Amino acid sequence: MLPALAADPAALYRKNCSACHDISGIRAPSVPAMRQMSSANLLKALETGIMKSQAAGLSHAERVSLAEYLGAKVAAAAPSVGQCAGAAPAFSLDGPQWNGWGGGLANLRLQSAPGLKASDVPRLRLKWAFGFPGVYVAYSQPAVVGGRVFAGSASGKVYSLDARSGCQLWSYDAGAAVRTGIVVVQLPGSPVRFAAMCGDQRANAHAVDAVTGELLWKTKVDQHPYTRVTGTPAYFEGRLYVPLSSGEEGPAMNPKYECCTSRGAVIALDAATGRQIWKTFTVPESHKLATATAAGTAMWGPSGATVWSSPTIDPAKRVLYVGTGDNHSQPVTDTSDAVLAMDLDTGKIVWSKQITKLDAFNMACVTPNRSNCPDPSGPDHDIGASPMLVSLSTGRRLLLIGQKSGVMHALDPDREGEVVWRTRVGKGGALGGIQWGPATDGKLAFVALSDVTFQAAMVEPGKRLQLNPEVGGGLFALDVATGKQVWYSAPAPCGDRPNCSPAQSAAVSAIPGIVFSGSVDGHLRAYSAADGKVVWDMDTARDYETVNGVPAKGGSMDAAGPVIAGGMLFTTSGYGVWGGMAGNVLLVYGVE
């Protein structure tokens, strides 16, 4: 129970929060979305979580007042509801699984042994649902390993559930929101021990015992207040490779904020202990005072080039590949909007291929007060999708790169990223183009298009941008070897559904013969890999009874993609950011 209110919450909100949260189209939840969040979780975000820096000037009583004003009083389910009865079965890494972000080191997002045939997909029906309590977004992609589901949440809880029934085996509190996926590994050494690993929104990496949920280690991977871990860490040969991103583009909307000082990075940790082995910044040069705004606010740089996605591991070359985002301020660097190859053992950047030059951008660039917008500014064409490492039948290898520009690229990893082909599938933009990643079966690349647009072009104080229900979306199949379009499936219209967009920005997943793509309209659809025809369509935006007794509903599908293992499909639903429909549910489907 939170203490009694100690200040006028409406006035506190208008003074400290409204500039970001009263609009959509930025990386902050709306007030209606926050109404789904529990007041306890809001207070946690303000005091120890992702909003700690923004709330640093408020007293504890003021933070409590804001949390009570904005959040919901969520009644907790009885502790026994949804708990597994009896002893858990023995755990191993054997058997059906989708582990980590892309289902393997190459990040293909292909399940080659799904446990169901393409002809079974039209008979998929909901088997169980699990509610994440007191949150407005479900953005952590689950992992399915050893008959268990591992999923993070915006409240900071990581859960281990029985894959068949959804009963809870354990939960672990990371202390800050977990939006990464989970990777489950057998740790080096003896005795045999398994760990579930993830990152959080306060720049910590965690390893917990996969069987018991006991904390094994927790490592702070960066000290910058806006650094966070968004991309799922990757594991290889006893090391955990953690990508670092940043939320600093948002505070730049405040003309008094001194933008920007955060840098992207990859850090290699000893998986057994959490000890740092190496850390490589994507911008090698530390920031320095660059200039000042017309209002006299200091501007710093270089900055940005953050890594939003999971690293791709190339054992043959002993390198990892990552895509980077834009620079947040001037001066620009040649490692922004680029693909970097880093030595697995040392972290040295072996080669870098920049896709878009001169891209300096932050959220001040979409507001009337552009004081902190870099001059000149760029288009915000981050590479937010993990590179996909593909081997062709000819023996040639390609890195397939999706970008927010709306362009799909194929690079040659054996020739320092030489461009093989480029194919445009959309207009692109700050939320447009290719967002969280395609999938590939090695012959075709299945590319979902976001191109989210709004009914107004500019963020204005006191006004909320509304999603355009008629623009965005579509699924493309491209020939991997040539980049030529093989088929195109048009997006489904929104109809009269409120707060809707047909955009398909969530990560795509595939099994032999089928492609799964979620949409901001709340639908998860299965397409024939042969011609793009929709063979299954599930509207997830509704209320659910859950196995853990938590009230839950689905909403927009974004960021994470579905995972398939053991004849079942697992997906999250709900994304109450930039105007999307809020939700808080994990859904599991099986063949009827």
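## Salt bridges in the chain

The count of salt bridges comes to 21 in this structure, which is a predicted model. One of them joins the side chains of D209 and R193, with a distance of 2.9 Å from N to O. Because D209 lies in strand β8 (residues 204-209) and R193 in the loop between β6 (183-186) and β7 (194-199), this pair ties together parts that are 16 residues apart in sequence. D209 has 7% relative accessibility and so counts as buried, whereas R193, at 32%, counts as partly exposed.

A salt bridge also forms between E237 and R318, whose closest N and O atoms are 3.1 Å apart. This pair links distant parts of the chain, since E237 sits in the loop between β11 (234-236) and β12 (239-246) and R318 in the loop between β17 and β18, 81 residues apart. With a relative accessibility of 55%, E237 counts as exposed, while R318 is partly exposed, at 28% relative accessible area.

In the salt bridge of R415 with D412, the closest N and O atoms are 3.9 Å apart. Here R415 counts as exposed, at 55% relative accessibility, and D412 counts as buried, at 3%. Elsewhere, D314, K317, R397 and D414 are linked in a network of salt bridges.

## A sheet of four strands

Strands β17, β18, β19 and β20 form, in that order, an open sheet with antiparallel pairing. Its edges are β17 (312-314) and β20 (349-354), each of which pairs on one side only. On average, neighbouring strands of this sheet are turned by 20 degrees against each other, with direction ignored.

Within the sheet, strand β18 (residues 319-323) and strand β19 (residues 338-343) run antiparallel and are joined by five bridges. V322 has L340 in β19 as its bridge partner.

## A buried aspartate without a salt bridge

The loop between β18 and β19 contains D326, a residue that is buried yet has no salt bridge, the nearest side chain of opposite charge being that of K404, 5.7 Å away. Leaving aside residues up to four places away in sequence, D326 touches several others, among them E249, T306, S336, D337, D359, F361, D380 and D382.

## The chain as a whole

The protein chain holds five helices and 37 strands, and of its 592 residues 62% are buried. Among contacts with a separation of 6 or more, 60% are between residues 24 or more positions apart. The accessible surface of the chain comes to about 21300 Å², and 53% of this area belongs to carbon and sulfur atoms.

Technical notes
Residues are numbered from 1 along each chain as its sequence is written. This is a predicted model: local features need pLDDT of at least 70, side-chain atom pairs count only at pLDDT 80 or more; totals for chains, interfaces and linings use all residues. Side-chain values use heavy atoms; hydrogens and water are left out. Two strands pair if DSSP finds at least two bridges between them. Helices (H or I, at least four residues) and strands (E, at least two) are DSSP runs, numbered from the N terminus. Axes are lines fitted to C-alpha atoms, for helices over the stretch in contact, and angles run from 0 to 180 degrees between N-to-C directions. Buried means under 20% relative accessible area, exposed over 50%, partly exposed in between (1.4 Å probe, protein chains only). Lys and Arg count as positive and Asp and Glu as negative; His and the chain ends are not counted. A salt bridge is a side-chain nitrogen of Lys or Arg within 4 Å of a carboxyl oxygen of Asp or Glu. Contact means heavy atoms within 4.5 Å. Accessible areas come from the Shrake-Rupley method with a 1.4 Å probe; for residues, only the protein chains shown count as cover.
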